[in-house]
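Please look over the structure shown here before reading on.

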Amino acid sequence: MPIDVHQFACLDDNYGYLVRDQATGLAATIDTPDADAVLKAVKDTGWTLALILNTHWHPDHAGGNAAVKAATGCEIVGPKEVTRIAPLDRPVGEGDQVKLGETSFRVIDTGGHTLGHISYYDDKDHVAFVGDTLFALGCGRLFEGTAEQMWGSLSKLAALPDDTKVYCAHEYTASNARFALSVDGDPALKARADQVFAARERGEWTVPTTIGAEKATNPFLRAPALRPDLAPAAAFGAIRAAKDSFKG
């Protein structure tokens, strides 16, 4: 049976996600950006929270772990780095499987934004929760990792099926689109950017996205085509550096 995803906005620009295994009714929260918002979502849905699935250690992803666990008794799963700021019951890494009822999430090492960042992929339903590694038309800053590490991580995500639904952790798409247009003149990007700007003017969310859409229009995944004079990881690094200094 498929999964249900309940998406909600929290903090300034974060998204929270509750994921429910339809077969058993058990649910997980992807990260804990705001404990009160997570617990409200649990109450509103009436779902039974069994797991916290952390993607990385940053406070807007793991800061609510203790409060959510205290309120629900759920188990906290995530990369070992989460223990820098929050409780963690079960550390996981590349290739591990995390079961939520009858749903299995494959752990993918997607370090770069932080060294131990991970993503969760539901192979059966083609759904990925990618934290701050991949954004709609963007990618995470390299706070701890290298361009080579992040390019490797993005390449893993790009290898997932094109119809994979991608749930990222922030609503950054409009600003990402403005940067993308500064480095890529592809008509497909222009068309998508127009859609994004219009959606945001209407107050609509631009997340989730898909792997196919990102491969076609995301300048970070398209870096080798945009900078064919450089090796792929170096091309990505050049695009990432340009975004870091972009003032548009």
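This is a predicted model: local features need pLDDT of at least 70, side-chain atom pairs count only at pLDDT 80 or more; totals for chains, interfaces and linings use all residues.

The points below concern some backbone features and some strand pairings.

1. The peptide bond leading from V207 into P208 is cis, its omega being near 10°. As for its setting, P208 belongs to the loop that runs between α6 (187–201) and β14 (209–210).

2. L11 is not a glycine, and yet its phi is positive, at about 50°. This residue is found in the loop between β1 (3–10) and β2 (14–21). Is L11 buried or exposed, or does it fall in between? With a relative accessibility of 44%, L11 counts as partly exposed, because that class covers values between 20% and 50%.

3. L137 likewise has a positive phi, of about 65°, without being a glycine, and its place is the loop between β11 (134–135) and β12 (138–139). Here the relative accessibility is 0%, so L137 counts as buried, the cut-off for that class being under 20%.

4. Which strand does β4 pair with in the parallel sense over three bridges? Strand β4, made up of residues 48–53, pairs in this way with strand β5, residues 75–78, and I52 has I76 of β5 as its bridge partner.

5. Strand β5 is also joined to strand β6 (residues 90–91) by two bridges, and these two strands run parallel. Within this part of the structure, G78 stands opposite P91, a residue of β6.

Note on methods. Residues are numbered from 1 along each chain as its sequence is written. Side-chain values use heavy atoms; hydrogens and water are left out. Helices (H or I, at least four residues) and strands (E, at least two) are DSSP runs, numbered from the N terminus. Buried means under 20% relative accessible area, exposed over 50%, partly exposed in between (1.4 Å probe, protein chains only). Two strands pair if DSSP finds at least two bridges between them.
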